[in-house]
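Here is a briefing on helix packing and salt bridges. Please keep the coordinates open while reading.

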Amino acid sequence: MKKLGIVLVVLLIGAFVFANGQGEESGQKAMTLRVTNTLPLDHPMNMALQQFAEGVAERTAGQVKVDLFPNSQLGGNEEMVEGVQLGTIDMCNQFAGAFANYVPEMEVLALAFLFQSEDHLYASLNGKAGDILAEALLKKGFVPLGYFYGGSRSLMNNVRPINRPADLNGLKIRTIPTNITLEGINRMGAIATPMSQADVYSALEQGVLDGWENSPITLYTLKLYEVTDYVSWTRHFMTPDLFAISAKTWGKLSDDQKKIITEEAQKAVAYERSIWAENTQKAIDALKAEGVEFNDVADLDAFRKATSSLWNEYEDKYKNGLIDAVLSAAK
């Protein structure tokens with residue numbers, strides 16, 4: 001009995017030491033993970049990431065801490081994705097098409113007018129299409145944790161409301177620097193201009209750009225309404241933001257830590273999606289109060305027809321059934 005009592009005391013001390021970050025013999029040293037994006041702190045995605053960080057810290061008893069670096073603090077779109085791939089940045093959430101430089105299949109998610117609705121998008125990501133993308137991401141060093149909803153992206157500019165492709169003639173419109181987004185905007189009739197999000201404000205202010213394309217929430221939270229006059233509801237891209245962790249960082253985590261991070265990421269995704277619609281309407285109301293003009297597009301079918309041939313071109317390019325899987329998810 002005496003020996004048993006000693007064993008229990010030792011176990012209790014060991015548990016106490018581990019919980020207070022001193023259990024180096026166990027191999028579970030405290031870790032601080034950096035997560036970044038191009039968005040301001042009050043954006044729904046960063047609200048979700050703050051919840052994620054709190055959940056991970058609590059459930060790992062402080063053994064895994066997550067520090068958030070919003071507003072392109074660790075680089076622009078391309079730099080942060082490269083950092084995650086190399087392992088110099090632990091995690092990021094980023095426009096899914098921005099991963100295409102490493103995982104070409106990801107650009108399919110940025111095909112213009114591919115998704116019919118938010119439900120269609122979710123069904124695709126939770127089904128065969130999501131499985132195809134996950135396999136491709138893992139091969140290139142990205143562990144997908146989930147997809148944040150980024151709403152739909154519409155055209156924004158300082159020249160005129162856009163109602164038909166001809167209205168875009170001669171307009172320099174910024175988009176994410178990936179081939180698929182550039183091609184989509186060009187076929188819609190504009191001069192697609194690749195640029196990091198962090199540089200858009202000054203480019204609009206100086207007249208280097210005529211406009212850009214994104215969601216009302218991003219327009220509002222980045223205060224780009226100060227240099228943007230018109231929003232035309234094209235809703236051409238309904239591309240999610242991938243929340244991913246570096247495979248190199250993933251390999252340093254214990255199985256329990258991986259489970260916690262995976263579960264807290266799913267909670268964050270659900271939370272972000274739940275607050276997106278409410279925050280979108282608030283942003284639209286605030287933008288109108290700032291003088292931004294919104295218009296429904298008179299001939300949206302003309303934009304769809306101008307870009308629809310891209311679907312077949314990209315299915316022929318990859319021959320992996322990805323686009324067919326996306327389209328089938330709508331049924």
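This is a predicted model: local features need pLDDT of at least 70, side-chain atom pairs count only at pLDDT 80 or more; totals for chains, interfaces and linings use all residues.

Residues are numbered from 1 along each chain as its sequence is written, and side-chain values use heavy atoms, leaving out hydrogens and water.

**Helix packing**
- Helix H6 (residues 179-188) packs with helix H12 (residues 309-318) at about 155 degrees, their axes 11 Å apart.
- H6 is therefore roughly antiparallel to H12 (the term applies to angles over 145 degrees).
- Ile-180, Glu-183, Gly-184 and Arg-187 of H6 meet Ser-309, Leu-310, Glu-313 and Tyr-314 of H12 (contact means heavy atoms within 4.5 Å).
- By class, this contact of H6 with H12 has 3 nonpolar, 2 polar and 3 charged residues.

**Salt bridges**
- The structure holds 13 salt bridges (a side-chain nitrogen of Lys or Arg within 4 Å of a carboxyl oxygen of Asp or Glu).
- Asp-167 pairs with Arg-164 in a salt bridge, closest N and O atoms 3.8 Å apart.
- Asp-167 is buried at 15% relative accessible area, while Arg-164 is partly exposed at 39% (buried is under 20%, exposed over 50%, partly exposed in between, with a 1.4 Å probe and protein chains only).
- Lys-267 and Glu-264 form a salt bridge at 3.1 Å, N to O.
- Lys-267 is partly exposed at 45%; Glu-264 is buried at 5%.
- Arg-304 bridges to Asp-301, with closest N and O atoms 2.8 Å apart.
- Both Arg-304 and Asp-301 lie in helix H11 (residues 300-307), 3 residues apart, about one turn.

How values were computed. Axes are lines fitted to C-alpha atoms, for helices over the stretch in contact, and angles run from 0 to 180 degrees between N-to-C directions. Helices (H or I, at least four residues) and strands (E, at least two) are DSSP runs, numbered from the N terminus. Angles under 35 degrees count as roughly parallel, over 145 as roughly antiparallel, 65 to 115 as roughly perpendicular and the rest as oblique. Ala, Val, Leu, Ile, Met, Phe, Trp, Tyr, Cys and Pro count as nonpolar, Asp, Glu, Lys and Arg as charged, and the others, Gly among them, as polar.
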